[in-house]
Structure formats: structure tokens, C-alpha cells
Amino acid sequence: MAVDERYMRQVLHWGKEKQRRLETARVLVAGIGGLGATVSQLLARAGVGKLYLVDDGLVDWPDLHRQLLYTEADIGRSKLDIAKERLLQINSTVRVELLPGRIDTSFKLPADISFVADCLDNYSSRFDLEVCLPSGTFLVHGGIEREQGQVLTLKVGNSQPLAEIFSGALQPAGKIPVTGDGVVIIAGLMANELFSVIFGQPKLLNRCLVVGLGDLHLSFLDV
Amino acid sequence: MIRIQFYSLLRLLLKEEKLDLPACTDENIEQLLQRVQKHFSTPFLHKLLDDQGGLHAGTIIMVNRRNILHLESLETPVRDGDLIAFFPPGAGG
């Protein structure tokens, strides 16, 4: 199979130049749970050159309704290991690097990353991640809770920090209520924005897309 | 005129996306909130403020793109032409 054949349908849409940009992009996906499992899969399918995955979790039963990379057979296994295995089955031309562990302020970002997908599930780790990013890094944030979600792109050093924008946001105690369809919609929007950012045409830079899944409502909040 | 925008659960609760109010002299966010409440039959201030009138965690209040926790909190002045946003973000992933 020729590479051209694999990507034919999307190249018909966005052209060869943008496909080349994808193939040289290095993206870090922070969190391979609900959002991260779908975001990383869409990036791999599209042909992003190199993916770095960060997580410290094991696959558990409450993950399976929304974390599309995992199956019943994976229960108890490392999410990172399974994710790499599945992503390479989907697209063996993509390089996948694993960064096991939990993100805190001592997290060391590999030097060749320009784009980061915040697929984390808590504000503390999100704020710690942002602190570790060098100036100029594009951070695509996603979040979801019940029927409300948001996607936002920040350029570190130029944009307001995520920690400042989301000061006072509430981290619910215990497990956060989410559905599989809602998670996949927000993850799809994150992937859409990541492609735009990689192409040099971010749509949500300093602009939060607020998604109401209950009544299918979209609005924007400039930050 | 001051524009107030409601997002997520507040938009659903109040069934409005935005409200325009004339500016008042020497008004701050706390006073503006009381004025906004008068426009709605649905009580919503309890979502933003605790019993002592302090800010609840959960909903972000922004004035011209800045979180009021990085301005003067509820005492942040509100002026003609300001854009105010109430946004409870989703935390999960």
C-alpha cells in the first residue's frame, strides 16, 4: 500500500502540503483517558509524525464506555502500553513514544514538541503541565463534564495562562459524570483544532469554544 | 452599555445567552450581579455566591477577558462598554 493511498481521502480535502506538515509534527497528548484515547487515535490515523503519550493509569471497567482504544481484555493493563499497541496497529508509520507517570511541575517535556493536547481530567495537572511548556508551545485544552464541554488553544508566553483563566474553577470530588458520546465529540473538536494549529491556522487561539451537548449549542468566549 | 454573557449551565438555567444593561457609575461586579438577578425570575446568584456573599468555586467570572480573581474579585469595577462573562467550565477528560 502506498502512503498516498492511506491518506488519499483527507489529502483530497486539505492537500499534500498540509499532509506533509502533519507528517513532520510532534504532538504530546497528556492523558490517554476519554479525550486522549480519541485524540491520539485521530492524530495517528491522520498521519501525525510522532506522538508522545503521557499517563499513569491502568485500564479499568469504568473507562470502557468512553475510552475507545481499550477493550475488556485490557482490564488491569497499562493504558500507555495498550495505546501504543493499538495506535501502531492503526498506523505503523507513526512513531509513538511513551512517557509514563503523572504530570507535575517537574515534568520534562521532550525538546522536539511544538503542540500539546491537554486531555487531562483535573485542573491541578493541567496547570502543572502548562508550567512545564516552553514559550511558543501551542496548548490545545479540552474539558467536559456532564453535557458541557470546552476547547481552547493557548500559545504559551503569548496567551493568558490557563491557570489564570480557570482560577476558581471547581474540581469535583470523586468521579466526574461524563458520557462516551460527549467525550468523543469534544475529542473530535480538539483533533480538528490540533490539525488547524499544525497547519498554522488555529481557529480557537485565545477563543474558548463552549459546547452545550444537551441542546447542541455552540458559543465562543474570548480569553 | 454593559454586555453580560452566560455560558453552559447558567445559559440553560436562565434560558438566555446574553443581557445588555446600561452602565451605572461606580458599580462593581457584586452590585452588577444584584442588578442582573432582578432581570430574571429564576434565582441564580446562589450558583455564584455563598451565604456570606463570597465567590463560590465553580463559575469563572470574566471582565473583558480577565478572570476577576486576578483583578479585584467581586469589587472589580464595571464600566460602560465592558464585556462580562459567567462560565462554569467542564473539569473532566
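Modeller: Thr59(B) sits in the loop between helix H3 (45-48) and S4 of chain B. Helices (H or I, at least four residues) and strands (E, at least two) are DSSP runs, numbered from the N terminus. This is a predicted model: local features need pLDDT of at least 70, side-chain atom pairs count only at pLDDT 80 or more, and totals for chains, interfaces and linings use all residues. Residues are numbered from 1 along each chain as its sequence is written, chains are lettered from A and ligands numbered from 1 in the order in which they are written, and side-chain values use heavy atoms, with hydrogens and water left out.

Thr59(B) has 12% relative accessibility, so it counts as buried. Buried means under 20% relative accessible area, exposed over 50%, and partly exposed in between (1.4 Å probe, protein chains only). Neighbours within four places in sequence aside, Thr59(B) touches Leu10(B), Lys47(B), Leu48(B), Phe86(B), Phe87(B) and Pro88(B). Contact here means heavy atoms within 4.5 Å.

Another loop residue of chain B gives a contrast. Asp26(B) lies in the loop between strand S2 (18-21) and strand S3 (27-28). Its relative accessibility is 77%, so Asp26(B) counts as exposed. Its C-alpha atom is 21 Å from that of Leu45(B), 19 residues away along the chain.

Most residues other than glycine have a negative phi. Ser8(B), not a glycine, has a positive phi of about 55 degrees. Ser8(B) belongs to helix H1. At 2% relative accessibility, Ser8(B) counts as buried.

Next, helix H2 (residues 29-38) of chain B. Its buried residues include Ile29(B), Leu32(B), Leu33(B), Arg35(B), Val36(B) and Gln37(B). At the start of H2(B), a side-chain oxygen of Asn28(B) comes within 3.1 Å of the backbone nitrogen of Glu30(B). Arg35(B) also forms a salt bridge with Glu27(B) (2.8 Å, N to O). A salt bridge is a side-chain nitrogen of Lys or Arg within 4 Å of a carboxyl oxygen of Asp or Glu. Both partners are covered: Glu27(B) is buried at 6% relative accessibility, and Arg35(B) is buried at 17%.

The contact with chain A comes next. It takes 22 residues from chain B and 37 residues from chain A. The two chains bury about 2,400 Å² between them, 55% of it on carbon and sulfur atoms. Arg65(B), Ala91(B) and Gly93(B) supply 26% of the area that chain B buries there, more than any other three residues. Buried area is the accessible area (1.4 Å probe) that two parts lose on being put together, summed over both.

Three salt bridges cross this interface. In one salt bridge, Arg11(B) pairs with Asp215(A), with the closest N and O atoms 2.8 Å apart. On the chain B side, helix H1 (8-14), strand S4 (60-63), strand S5 (66-67) and strand S7 (83-87) each supply at least two residues. H1(B) gives the largest share of that side, four residues.

H3(A) (residues 34-46) has 13 residues; at 1.5 Å a residue it should span 18 Å, and its end C-alpha atoms are 19 Å apart, which agrees. The expected span is 1.5 Å times one less than the number of residues. H3(A) is mostly covered, with 11 of its 13 residues buried. Just after H3(A), Gly47(A) has a positive phi of about 100 degrees.

Helix H5 (residues 123-132) of chain A is mostly covered too: seven of its 10 residues are buried. Among the elements covering them are strand S1 (26-30), strand S4 (115-118) and helix H6 (162-165) of chain A. Asn122(A) caps the N-terminal end of H5(A), with a side-chain oxygen 3.4 Å from the backbone nitrogen of Ser124(A).

Methods
A polar contact is a pair of N or O atoms within 3.5 Å; within protein, one must be able to donate a hydrogen and the other to accept it, and residues adjacent in sequence count only if both atoms are side-chain atoms.
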